[in-house]
Amino acid sequence: VIPIELITDIFKGKTAVIVSAGPSLNKNIHLIEKLKEKAIIFAVGSAIKILDTKGIIPHFRVAIDGSPGEKKIFDNIDTRAASLVFSDQLFYEILPEYTGNIFRFILETDFISKYIYKKMNMPFKVFRSGASVANGTLNFLCEVGCSRIIFMGQDLSYTEEGFYARGRYTTEK
């Protein structure tokens, strides 16, 4: 496990794309492969599975959810293909099976991790989290100096198409 602070300089001045799982992702998902040439792609939460079902590998995956349902996102995906940015609140069965690079970031809401790091006298940086993994990723990218941040699938309302883009579950195409 690598602390995220060790790689934050690579993001400075770069363009990042936060790919969320909202229904509007269905309309724009075809643009991601082309964007990978010009921006750093971050798939967050359920978008990890959605991109995987379409054969799209982001540069980074971000996961923070501690519920058992989070494990379904990682079932049957190639965990070597993209680095994972996670918080210590992540469901405990995910990390032991993730074979790619893993980077820990500590969220302001993770009081136990902050306590442990302080007790161990280990340096760490805290990132604001907000209400979702996309909010936490946005705060992280702002903190590390990305020059532009683009949102895909970050719907601010629910439409008749539902809560998520197609591909969240393996039975959807």
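Helices (H or I, at least four residues) and strands (E, at least two) are DSSP runs, numbered from the N terminus. By that rule, Phe127 lies in strand β8 (residues 126-127). The model is predicted: local features need pLDDT of at least 70, side-chain atom pairs count only at pLDDT 80 or more, and totals for chains, interfaces and linings use all residues. Residues are numbered from 1 along each chain as its sequence is written, and side-chain values use heavy atoms, with hydrogens and water left out.

**Confidence**
- The protein chain averages a pLDDT (the predictor's confidence in each residue, from 0 to 100) of 89.
- A score of at least 70 is reached by 93% of the residues.

**Sheet**
- Seven strands form an open sheet with parallel pairing, in the order β1-β6-β5-β4-β3-β2-β9.
- Its edge strands are β1 and β9 (148-152), each pairing on one side only.
- Two strands pair if DSSP finds at least two bridges between them.
- β3 and strand β4 (residues 60-63) pair in the parallel sense over three bridges.
- Phe42 has Phe60, in β4, as its bridge partner.
- Helix α6 (residues 133-143) lies across β2 (15-19), β3, β4 and β9, and runs at about 150° to β3.
- For that angle, axes are lines fitted to C-alpha atoms, for helices over the stretch in contact (heavy atoms within 4.5 Å), and angles run from 0 to 180 degrees between N-to-C directions.

**Cores**
- A nonpolar core is a set of buried Ala, Val, Leu, Ile, Met, Phe, Trp, Tyr and Cys residues joined through side-chain atoms within 4.5 Å.
- Buried means under 20% relative accessible area, exposed over 50%, partly exposed in between (1.4 Å probe, protein chains only).
- The largest nonpolar core has 28 residues; Val19, Leu25 and Leu51 are among those with the most contacts inside it.
- β2, β3, α3 (47-53), α4 (70-74) and β5 (83-86) each supply at least two residues of this core.
- α3 gives the most, with four residues.
- Leu51 touches Val19, Ile29, Ile32, Ala43, Ile56 and Pro58, leaving aside residues up to four places away in sequence.
- A second, separate core of 22 residues includes Phe11, Ile64, Phe127 and Phe140.

**Phe127**
- Phe127 is buried, with a relative accessible area of 1%.
- Beyond four places in sequence, Phe127 touches Ile4, Phe105, Ile106, Leu107, Glu108, Phe140, Glu143 and Val144.
- Phe127 and Phe151 are 24 residues apart in sequence and 19 Å apart in space, C-alpha to C-alpha.
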